[in-house]
There are 2 protein chains.
Amino acid sequence: MALIVQKYGGSSVSDADAMKRVAKRIVNTRNAGHNVVVVVSAMGDTTDDLLDLAGQLTNQAPDREMDMLLSAGERISMSLLAMAINAMGVPAVSYTGAQAGVQTDKHFGKAQITGMVPERVARSIREGQVAIVAGFQGISSDDDVTTLGRGGSDTTAVALAAALNADVCEIYTDVDGLYTADPRIVPTARRVRQLRQEETLELAAHGAKILHLRAVEFARRYNVPLHVRSSFSTKDGTWISNAPANPELKGLVPDAALATNQEDKVEAPVISGIAHDRSQDKITIVGIADTPGKASRLFEIVASAGANIDMIVQNVPTSGSGRANITFTLPQDDAEKTLQAIEAAREELDFTDVRYNPNIGILSLIGAGMRTNPGVSAKLFGALSNAGINIDMISTSEIRISVVTKLDDLDNAVRAVHSAFGLDSTESEAVVYGGTGR
Amino acid sequence: MALIVQKYGGSSVSDADAMKRVAKRIVNTRNAGHNVVVVVSAMGDTTDDLLDLAGQLTNQAPDREMDMLLSAGERISMSLLAMAINAMGVPAVSYTGAQAGVQTDKHFGKAQITGMVPERVARSIREGQVAIVAGFQGISSDDDVTTLGRGGSDTTAVALAAALNADVCEIYTDVDGLYTADPRIVPTARRVRQLRQEETLELAAHGAKILHLRAVEFARRYNVPLHVRSSFSTKDGTWISNAPANPELKGLVPDAALATNQEDKVEAPVISGIAHDRSQDKITIVGIADTPGKASRLFEIVASAGANIDMIVQNVPTSGSGRANITFTLPQDDAEKTLQAIEAAREELDFTDVRYNPNIGILSLIGAGMRTNPGVSAKLFGALSNAGINIDMISTSEIRISVVTKLDDLDNAVRAVHSAFGLDSTESEAVVYGGTGR
């Protein structure tokens, strides 16, 4: 008997019929002899409807009240799901974030989990009940309702799985796993059966939207095995774990995952997939004085503006000019305030110009053993060159190479690289995209 | 500076525009120099929508999950209302039943308030914030969300007013006060400016639907002055209090209420109004043995079935037969299970027949000084007789006379009595009816 945490996103519980389908799946898992704890997001359009109502009243809603409002969404979905499961003869009880012991800091709208004390959930397990927990929400030390921001429900599920020492955390979504590239761009993309946590982290950090970065970080830190799969089929999805799976999970876990052998994977480069990101912009500071401390002062100012920068390139200054160019990428939502902060510090930073380019795309190739294998980058650049695509910036890590292209070139770049690395499947696999991002 | 608790029903906050109107009224009250605590129900159709969703999943939802589900409705309305008030420049913070310290027993769906510890609400008042509290909900000692059942939001408001020692509890609704009779039946009904708590209790208990019985009982026990008024006008409504009003409330309270003098009212009968009730049925036990204990045993059995009986009449047995008839009225929802319980005890109770009549109506005339003034009942019976209406059962209290009529005669009976007691207004006052019953 295993303990399984299952997380269902908003598109999996969009209406009563979808809710019944999810309830049936939970009941089946239980009837197979496992304990089940469920984390659920708000139903389909609930969040948008609530935001729309708030927007009719004000465009400056206090964060605390916004969290109170949005947290109602999971109360609705979780109690309805508990009803549906009870109607199938299995006892189920729903818990709010507070009742499930999801303790957070006080940052409304993007709270971080500071503690997990799921006593009532554990008691439900002991008493043979299915516990249904509200995703996306917690409670602060002031006893205020908080929400965890984007990817919050995934994070709730992984944190709960860690605290309960669950055997696996299943993330149900409207896609049947992680793909070698976004199938909307590359119809021949293949579903990945298995991924190591580090590669998943890079994929999530560089544009793959199925699994949220925070949840993957949590899974890695507490070594929670993840299984990303579709709530619309019983097909195996993508298994994410560094450790061999618990043999008790046989039947719940793809055989490939059970046979995992880490050594197999680091000898030759193994490409896990290609992520792409359209949500970053590029800023170039032209002619900044090439004196010690100027660059670090620039990034202090950028950080104070709240921007999370990704790639950085500093050009070598032209001999004798004493001035360099610094280029970096950042989320487009942070661009405006960052440009303002830099402009305000123009005198102190001593630069000649700022250039802003919102029309960029980032392609990231992710896989094990990249840095030790120079053939990987050669093949990447060759594929892009053959497709007539210019590369602007490059950054690499142990298991990733990212390049910046023109936004209009991004889709072609993904297809060219996917093909060059032999990732194309012989048959297209049908998938559905959507979801609320909680 | 007074402390005012305002309660707004679902029809007062049915959409964003209504919400803004309510916010404006709250802001005006505050700008007039008063502290305001607000209790709000779920928006218009929210409750029905949630019940509909639950009905698509099961017709046997666990009570705990149903309460969890329905409590989401007030979270939505209270946080939106707080946003709307903040948008008008006044700080406002919303609190769930749990956060506002509404402690209840564990009877999901019809919980009773067992304690009020509104510490956070009191702190908000000290800090100059408008506190918005979820009506209809509380928290049990098991830390489970409970709902208070019908009239729950009114009860929350009155209990909060009592705990905070508020100067007045204003109940906003879609009607501008209590009327001498239901204006849908008697178009010439007059709005009552002022009522004593006891009379209001009788009106609420005998069919007047504007104020819920539980809330009135609470107001009477803790001596909370109530003001029932419309959220769609600034007109004074009906003031309910036995004590003279706080002179600080001048301007918030009808002048008549400020001038209240209790002695004025008990000398001659003063008719407060006419309530009517279509929701009761009648059961007659025919030929029950007229031996000691049989009647009390009958009512033990009825009470065990969970029925709340209202009027009882026992006929004098025909000389020598040793058998009597007992007739009583009860809520129609309780009729079926009560008839089953009586049938099951047929042998023990030793009766010859049971008759069931769902087609009855009850008219109640309420006012001070009735019992001491025989002219009142004479006038009542005369009016009904002139209108050709037969009376079936009669029951009286210190301040009430109730009669049972045929259901089809009830409207005519109300009009005839209203007119006979000179309650008709010279002009009709427009009112709107509706509401969610929370």
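Across the interface of chain A and chain B, 18 residue pairs are in polar contact, both residues at pLDDT 80 or more. A polar contact is a pair of N or O atoms within 3.5 Å; within protein, one must be able to donate a hydrogen and the other to accept it, and residues adjacent in sequence count only if both atoms are side-chain atoms. The model is predicted: local features need pLDDT of at least 70, side-chain atom pairs count only at pLDDT 80 or more, and totals for chains, interfaces and linings use all residues. Residues are numbered from 1 along each chain as its sequence is written, chains are lettered from A and ligands numbered from 1 in the order in which they are written, and side-chain values use heavy atoms, with hydrogens and water left out.

**Interface make-up**

- Helix 1 (16–31), helix 2 (46–57), helix 3 (63–87) and strand 3 (92–95) of chain A each give two or more residues to the side that touches chain B. Helices (H or I, at least four residues) and strands (E, at least two) are DSSP runs, numbered from the N terminus.
- Helix 3 of chain A gives the largest share of that side, 17 residues.
- By class, the side of chain A that touches chain B has 24 nonpolar, eight polar and eight charged residues. Here Ala, Val, Leu, Ile, Met, Phe, Trp, Tyr, Cys and Pro count as nonpolar, Asp, Glu, Lys and Arg as charged, and the others, Gly among them, as polar.
- The contact (heavy atoms within 4.5 Å) takes 40 residues from chain A and 40 residues from chain B.
- Chain A and chain B bury about 3,200 Å² between them, with 66% of it on carbon and sulfur atoms. Buried area is the accessible area (1.4 Å probe) that two parts lose on being put together, summed over both.
- Leu57(A), Arg75(A) and Met83(A) supply 23% of the area that chain A buries against chain B, more than any other three residues.
- Two salt bridges are counted between chain A and chain B. Each needs a side-chain nitrogen of Lys or Arg within 4 Å of a carboxyl oxygen of Asp or Glu.
- Arg120(A) and Asp144(B) meet through their side chains in a salt bridge, at 2.7 Å from N to O.

**Symmetry**

- A rotation of 179° with 0.0 Å of shift along its axis superposes chain A on chain B, at an RMSD of 0.2 Å. The two copies are thus related as by a two-fold rotation axis. Superposition is by least squares on the C-alpha atoms of residues with pLDDT of at least 70 in both copies.
- Ala72(A) comes closest to the rotation axis of the residues of chain A, at 2.6 Å (C-alpha).
- The copies meet through the same surface, because 100% of the interface residues of chain A are also interface residues in chain B.

**Chain A fold**

- Chain A has 14 helices and 20 strands.
- Of its 438 residues, 56% count as buried. Buried means under 20% relative accessible area, exposed over 50%, partly exposed in between (1.4 Å probe, protein chains only).
- Among contacts in chain A between residues at least 6 apart in sequence, 75% join residues at least 24 apart.

**Local sites**

- Thr156(A) lies in helix 5 (residues 152–163) of chain A. Thr156(A) is buried, at 0% relative accessible area.
- Ala289(A) sits in strand 14 (residues 280–289) of chain A. Ala289(A) counts as buried, at 11% relative accessibility.
- Eight of the nine residues of helix 6 (residues 197–205) of chain B are buried, so this helix is largely enclosed by the rest of the structure.
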